[in-house]
Amino acid sequence: MNLPMVQRILGLMLLIFSLTMLPPVGVALFYGDGHWQPFLAAFLIVATIGLVLWFPVRRVRRDLRLRDGFLVVAVFWIFLGLAGATPLLITDVPALSFTDAVFEAVSGFTTTGATVIVGLDALPRAILYYRQQIQWLGGMGIIVLAVALLPILGIGGMSLYKAETPGPMKDQKLTPRITQTAQALWTIYATLTLLCAAGYWFAGMSLFDAIGHAFSTLSTGGFSPHDASFAYFDNAAIDLIATIFMFLGGASFALHFTAIRGHDPRAYWRDTEFKAYFWLVATVIGGSAVYLWLMGEFETFALSLRHAAFQVVSMQTSTGFLTTGFAHWPGALPAFLMLLTLVCGCAGSTAGGMKVIRWLIVFRQGVAELKRLVHPSAEIPVKLAGRPVPQRVISGIAGFFAMYFVVFAVLMFLLMMFGLDQVTAWSAIATSINNVGPGLGDVALTFRDVPDSAKWVCTVAMLVGRLEIFTLVLLLTPAFWRR
Amino acid sequence: MKIIILGAGQVGSTAAYQLSREQANDVTVVDTRDEILRDLQDRLDIRTVSGNAAHPGVLEAAGIGNADMIVALTSSDEVNMIACQVAWTLFRTPTKIARIRSGDYHRRPELFGEVAIPVDLAVSPEQLVTDYVERLVRYPGALQVLDFADGRVRLVGMRAVKGGKLVGHQLRELRAHIPNREVRVAAIYRSGQNIKPKGDTTIAEHDEVFFIAARDDIRAMMKELSTEEAPVHRVVIAGAGNIGFRLAQALEDRAQVKLIERNAERSRRAAETLRNTLVLTGDAADEELLLEENIDDTDVFVALTNAEEANILSAMLAKKLGARRVMALINKPSYAELMEGGSIDIAISPQTITIGALLAHVRRGDVVRVHSLRRGAAEAMEAIVHADNRNSPVAGKRIDQISLPEGTTIGAIVRGEQVIMAHHDTVIAVDDHVILFLTDRRHVEEVGRLFQAGTRA
């Protein structure tokens with residue numbers, strides 16, 4: 001363990017992060033809502049802490065080991081929750097308790113989008129903007145941003161990148177230098193966000209809403225400056241733009257990079273995971289639209305298609321925007337959409353969940369086992385795009401599934417012990433660990449009314465889910481700390 | 001520069017390490033072995049691609065479309081050649097370097113060229129290592145002998161030994177010791193630490209001294225640093241592989257050479273080709289055999305088999321039995337560091353030797369020769385001052401006017417046939433070959449920039 005180096009990087013990253021408190025100051029001054037003090041104060045506090053961490057060890061120059069990378073990422077995300085909560089805690093509009101402020105910040109950074117605040121429309125612009133911005137930073141990952149900005153991270157950057165980006169196979173770099181890879185990802189992310197904001201603006205949102213929603217669309221976050229989320233606009237064009245960009249945010253950004261660099265949109269079609277993701281989304285949308293129409297939930301098929309498409313993509317990509325909401329939808333749909341969040345988007349996307357590729361591989365592994373029952377001596381490799389998946393990856397995924405469900409079950413039982421009913425408990429954990437936002441039962445719209453203890457459990461679930469279980473659980477294992 | 005390295009073996013990994021340390025290079029490594037690639041990518045900031053290095057699809061995935069150079073270092077000569085062919089025919093890659101081991105290919109240089117097999121530089125590690133060992137044998141006492149300007153200038157590294165005339169004296173006395181000869185001490189390492197050589201620096205026993213001199217002045221300088229070494233008469237070589245065989249061939253007319261090879265078939269073939277060498281079939285770590293062959297009277301014992309552990313052990317044994325100087329071929333840098341200067345006099349590291357040849361091609365500007373020293377920590381290079389370099393920060397300047405990075409010294413200048421030792425008032429002219437020594441290899445890019453063609457300072 002290389003603690004001085006870990007401390008140095010944590011300090012540096014907090015310094016970088018403190019800068020993100022400045023845009024809300026600008027927003028406050030621009031709109032004249034007078035709410036710039038909390039952010040300036042938070043900036044000074046976080047920057048001071050960063051400086052205090054960094055200064056004593058500023059000259060330490062050593063390579064980060066793989067292990068240090070996990071430690072940096074896990075600790076930084078915990079710091080991030082606390083540092084991000086600072087301005088929310090300082091401000092008196094809304095007056096949030098410590099629990100609520102941390103819940104809101106973590107929900108923002110992990111792109112969950114569950115909120116404890118009701119009455120958003122009346123809040124100062126600066127606060128609203130800040131909520132959208134932390135979603136955007138958390139989407140591609142603020143550590144990936146740090147790797148893009150700090151070339152000194154060099155080799156260590158790879159271990160940080162690996163610990164923060166989601167997916168089972170992250171050895172694939174897009175470019176030889178990790179800094180360039182991180183820069184490329186952020187550039188694509190920022191460009192798509194810009195396009196999305198422009199689309200919203202043309203479709204009729206105000207500039208503030210357009211930028212704010214673009215932030216939480218591409219990051220598949222789900223915060224909205226309005227209590228009513230997308231129902232506030234009730235605009236088919238806006239719903240369509242949101243659906244498209246949520247879908248793009250749920251696809252792999254490495255794939256976007258390949259397609260853009262090669263000027264070849266067919267790259268999408270060559271990617272097995274993307275195809276599976278596309279067909280899954282398309283099938284569920286089609287099925288839900290027909291079902292909703294048949295059950296008479298909406299008057300016309302067009303309307304049920306619009307809402308089904310929006311709501312399905314919103315859940316599947318772990319965004320969690322709502323138009324009509326789905327908790328009251330008929331039959332199995334609410335539970336089904338909730339379960340769909342276990343699959344979520346692609347590896348290397350901003351979406352949460354277990355990722356399409358893991359399910360795809362597990363499913364194919366299952367099929368292979370079936371075949372093996374019939375032909376016991378057959379050699380049946382699990383293939384992806386015509387290439388066999390290494391055994392190491394398959395067993396890694398098996399381990400991930402096991403860990404995921406253990407963590408899921410333990411957290412869910414905790415919620416029930418704190419007095420939540422079954423539906424609320426399982427959907428709250430599903431929505432938190434998969435970074436979605438809305439749940440069912442008491443947490444269909446907001447987490448305001450659940451007890452503080454349950455909020456803390458959900459906060460942990462969001463962090464565990466964002467860092468894909470292992471990064472955080474690893475820190476609890478004795479093997480990690482053994483020298 | 002975008003560089004694709006094919007093959008992640010010893011030389012490939014070392015090349016990837018050395019090249020990726022320079023910020024200007026983007027390195028991608030191709031190999032068929034996933035585990036090795038994963039390891040490498042964890043340690044270095046590079047990209048890796050798994051697959052057959054000669055397949056166009058794999059090369060494309062490695063980004064050959066806009067690569068500036070491919071370096072083919074797989075274990076197969078044929079794969080290396082085909083990879084270069086594919087790179088040139090399909091992607092027009094500007095620079096193609098291949099490792100070609102087999103002497104058969106090297107004997108027909110017309111094979112390589114744009115109309116034949118498009119390899120710009122065919123590196124033969126065996127030949128490089130053979131030349132290296134041969135130079136060491138020629139200068140007993142030297143730890144390292146490196147050529148510049150076709151061998152007219154050499155950089156010699158050696159350890160100061162009690163009895164050397166300069167040992168215990170200040171450097172400025174050198175001129176009085178050897179008048180009419182010019183030598184530049186480029187670097188001194190005392191117990192691993194670099195000391196800047198100045199006029200009043202005193203040479204101590206066990207110092208590792210690097211000096212640059214014209215070929216004819218080397219012996220005189222070596223006498224200053226150690227007691228006179230008797231010329232080498234008796235050499236024992238262990239291992240009749242490519243390197244051992246070639247070394248025997250190179251030395252057999254000047255010294256009495258014995259070649260020990262375990263494999264009977266191979267020793268018979270070596271004996272058939274060699275004229276003046278005594279080829280022995282047996283184990284080089286066999287005490288009886290070594291004693292039988294008068295190991296205690298041997299000037300140099302060189303272990304050059306494929307097994308580095310066996311090389312280390314047989315060299316240690318030979319030293320114990322009384323061989324004057326022992327050398328062993330050691331691939332693993334950690335082993336080399338462990339053994340050198342202790343139980344073994346010189347550890348020969350094939351990858352360090354090969355890397356030098358590669359580095360010269362990778363460097364921008366006009367660097368014609370690079371030698372990697374002290375396991376890659378230091379470097380010596382030869383660069384040309386070009387005519388089109390009108391605003392050159394070097395041409396037309398006196399040496400003390402040039403702002404060189406910390407730890408960098410200009411050792412010598414080769415102007416046409418003439419070798420000029422550098423003094424503070426020497427003026428550098430266009431077309432000069434300048435020989436530099438860098439104690440800190442991190443300044444390589446800065447130095448390269450000084451000599452880059454067409455820079456406007």
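**Figure 1. Helix 9 of chain A is followed by Gly204(A), a residue with positive phi.**
The phi angle of Gly204(A) is near 120°. This is a predicted model, in which local features need a pLDDT of at least 70 and side-chain atom pairs count only at pLDDT 80 or more, whereas totals for chains, interfaces and linings use all residues. Residues are numbered from 1 along each chain as its sequence is written, while chains are lettered from A and ligands numbered from 1 in the order in which they are written. Helices (H or I, at least four residues) and strands (E, at least two) are DSSP runs, numbered from the N terminus. Helix 9 of chain A covers residues 178–202, and its 25 residues should span 36 Å at 1.5 Å a residue; its end C-alpha atoms are 36 Å apart, which agrees. The expected span is 1.5 Å times one less than the number of residues in the helix. Residues of helix 9 that are buried include Leu185(A), Ile188(A), Tyr189(A), Cys196(A) and Tyr200(A). A residue is buried if 20 or more other C-beta atoms, placed from the backbone, lie within 10 Å of its own, exposed if 12 or fewer do, and partly exposed in between.

**Figure 2. Helix 14 of chain A has buried residues covered by several helices.**
The 23 residues of helix 14 (residues 272–294) of chain A should span 33 Å at 1.5 Å a residue, which agrees with the 33 Å between its end C-alpha atoms. Among the buried residues of this helix are Tyr277(A), Val281(A), Val284(A) and Leu292(A). Their cover includes helix 11 (236–249), helix 15 (301–316), helix 16 (333–340) and helix 17 (356–374) of chain A. After helix 14 of chain A comes Gly296(A), with a positive phi near 75°.

**Figure 3. Ala444(A) and Val374(A) are two sites in chain A.**
Ala444(A) is placed in the loop between helix 19 (422–433) and helix 20 (452–466) of chain A. Ala444(A) is partly exposed because 18 other C-beta atoms lie within 10 Å. Beyond its neighbours within four places in sequence, Ala444(A) is in contact with Gly325(A), Ala327(A), Pro438(A) and Gly439(A); two residues are in contact if their C-beta atoms, placed from the backbone, lie within 7 Å. Val374(A) lies in helix 17 of chain A. With 7 other C-beta atoms within 10 Å, Val374(A) is exposed.

**Figure 4. Six strands of chain B form an open sheet.**
The strand order is 3-2-1-4-5-6, and the pairing is parallel; two strands pair if DSSP finds at least two bridges between them. Strand 3 (47–50) and strand 6 (121–123) of chain B are the edge strands, each pairing on one side only. On average, neighbouring strands of this sheet are turned by 15° against each other, direction ignored. Helix 1 (residues 10–20) of chain B packs on the sheet, touching strand 1, strand 2, strand 4 (69–72) and strand 5 (95–99) of chain B, and its direction makes about 165° with that of strand 2. Angles run from 0 to 180 degrees between N-to-C directions, and axes are lines fitted to C-alpha atoms, for helices over the stretch in contact. Helix 4 (residues 77–91) of chain B lies across strand 1, strand 4 and strand 5 of chain B, at about 170° to strand 5. Strand 1 (residues 2–6) and strand 2 (residues 26–31) of chain B are joined in the parallel sense by five bridges. Leu6(B) stands opposite Val30(B) of strand 2 in chain B.

**Figure 5. Strand 8 of chain B pairs with strand 7 and strand 11 of chain B.**
Six of the seven residues of strand 8 (residues 153–159) of chain B are buried. Strand 7 (residues 142–148) and strand 8 of chain B pair antiparallel over six bridges, with Phe148(B) as the bridge partner of Val153(B). These two strands of chain B form a hairpin with four residues between them, and Ala149(B) in the turn has a positive phi of about 45°. Strand 8 also runs antiparallel to strand 11 (residues 208–214) of chain B, joined by seven bridges. Gly157(B) has Phe210(B) of strand 11 of chain B as its bridge partner.

**Figure 6. Chain B touches chain A.**
Here 12 residues of chain B are in contact with 11 residues of chain A. Helix 2 (34–43) and strand 2 of chain B each supply at least two residues of the side of chain B that touches chain A. The largest share of that side, five residues, comes from helix 2 of chain B.
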